[in-house]
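Here are some notes for a colleague who is opening this structure for the first time. They go point by point, from the whole chain to single residues.

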Amino acid sequence: MTAEQTVYDRATGTTYTERPAGTSALRVLYGNRAVRPLTNALVTRRWVSRVLAWPTRRRASTRQIPAFVATHSICLDDHPERAYTSFADFFVRTLNPGARPFDPDVQRLCSPADSKLLAVPVGSTVRVKGFDYTLDQLVGRAWTGPQPRWALVFRLTVDDYHRFSYVDDCTVTDSYELPGRLHTVGPWSDGLPVLAENHRVVAWLETERFGTVVAVVVGAMTVGRVLVYPRTTAARGDEQGRFELGGSTVVLLTDAQVDDDIVDRSRQGVETRVRLGEAVGTAPAAGTAPATDTAP
């Protein structure tokens, strides 16, 4: 098990190695076989994450904000200038209008969040970072309807904007919560079934241009709450929800044609850093065959 992940940043054209926040603690929790049973039995329980997050909701925690901004190179120009009541309040900050515009071509599939993206083809299973999932496991019930071509795994880290949006005009045909644990979703979780065991909210979307899209919103360690706003219809770019503290993941199950550069890097195990509203694929062509290639 490794604590490093290679990421390609589309905006800068550079590749870097990510070491997740809290590496020392995660090494003990996940890298030590003797401690792993305690991690599974206790540390990943939701109440533990709520307790760990409690100090960040106190007013005194605002002192952490300047160092956090500097460490993670957060561009404050993207966000409204205001006084925050706590670090947790800062973490779920909003964007200035126009800071993350969606691609003007409505046939382009856009990222639902600032994140690191891995495109995984859907076969008999979906292999994500060393674990094979069935579609039933990902959505927490029997899969109905045609098989999607791709599982697009958008992994958010602490430096990202932590609100996520709808990728197309759509009707929300079903939405439900799946209680579970809160493992880390970072590199230390490789080989573990975190996308099936973690607390999730699943939304089935009938979209205008991409057919059926299923959004699986996955909680993670120290995430105080995954909040998905209840609604029956949404427009492209509407905010769908937010993660309160900590990194997490949105998985889109879709038939969209994913951009070649993202597919090529995903085959090599390299994630692509994308921003909310950035185009990552195109609406599926009629009669497109299911994906058959493989990715890590």
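1. Helices and strands are named here from DSSP runs, numbered from the N terminus, where a helix is a run of H or I of at least four residues and a strand is a run of E of at least two. The model is a predicted one, in which local features need pLDDT of at least 70 and side-chain atom pairs count only at pLDDT 80 or more, while totals for chains, interfaces and linings use all residues. Residues are numbered from 1 along each chain as its sequence is written, and side-chain values use heavy atoms, with hydrogens and water left out.

2. For the chain as a whole, the assignment gives eight helices and 18 strands. Of its 296 residues, 53% count as buried, a term that stands for under 20% relative accessible area, with exposed meaning over 50% and partly exposed in between (1.4 Å probe, protein chains only). The chain exposes about 12900 Å², and carbon and sulfur atoms supply 52% of that area; accessible areas come from the Shrake-Rupley method with a 1.4 Å probe, and for residues only the protein chains shown count as cover.

3. A contact here means heavy atoms within 4.5 Å. When contacts between residues at least 6 apart in sequence are taken, 75% of them join residues at least 24 apart.

4. Strand β7, residues 150-156, is the place of Arg155, and Val153 is found in strand β7 as well. Arg155 counts as buried because its relative accessibility is 4%, and its side chain is joined to that of Glu18 by a polar contact of 2.9 Å. A polar contact is a pair of N or O atoms within 3.5 Å; within protein, one must be able to donate a hydrogen and the other to accept it, and residues adjacent in sequence count only if both atoms are side-chain atoms.

5. Val153 is buried too, since its relative accessibility is 8%. Leaving out residues up to four places away in sequence, Val153 touches Lys116, Leu117, Leu118, Val120, Val128, Thr249, Val250 and Val251. Val153 and Leu195 are 42 residues apart in sequence, and their C-alpha atoms are 9.9 Å apart in space.

6. Which side chain makes a polar contact with the side chain of Asp9? That partner is Arg275, at 2.8 Å. Asp9 lies in strand β1, residues 5-9, and counts as buried because its relative accessibility is 5%. Apart from residues up to four places away in sequence, Asp9 touches Thr14, Tyr16, Arg273 and Arg275.

7. The second largest pocket holds about 210 Å³ of space. Of the 15 residues that line this pocket, Cys75, Arg100, Asp114, Asp159 and Arg273 are the closest to its centre. On a 1 Å grid over the protein atoms alone, a pocket is an open set of points with protein on both sides within 12 Å along at least five of seven lines, whereas a cavity is a set where a 1.4 Å probe fits but cannot get out; lining residues have an atom within 4 Å of a point. Grid points are joined across faces, edges and corners, and a volume is the space filled by probe spheres set on the points. The lining divides into four nonpolar, three polar and eight charged residues, where Ala, Val, Leu, Ile, Met, Phe, Trp, Tyr, Cys and Pro count as nonpolar, Asp, Glu, Lys and Arg as charged, and the others, Gly among them, as polar.

8. Tyr166 is found in the loop between β8 (163-165) and β9 (170-178), and it is buried, with a relative accessible area of 2%.

9. Ser73 deserves a check of its backbone. Most residues other than glycine have a negative phi. The phi of Ser73, however, is positive, near 50 degrees. Ser73 sits in the loop between α4 (65-71) and α5 (87-91) and is exposed, with a relative accessible area of 65%.

10. Arg57 lies in the loop between α3 (46-53) and α4, and counts as partly exposed because its relative accessibility is 39%.
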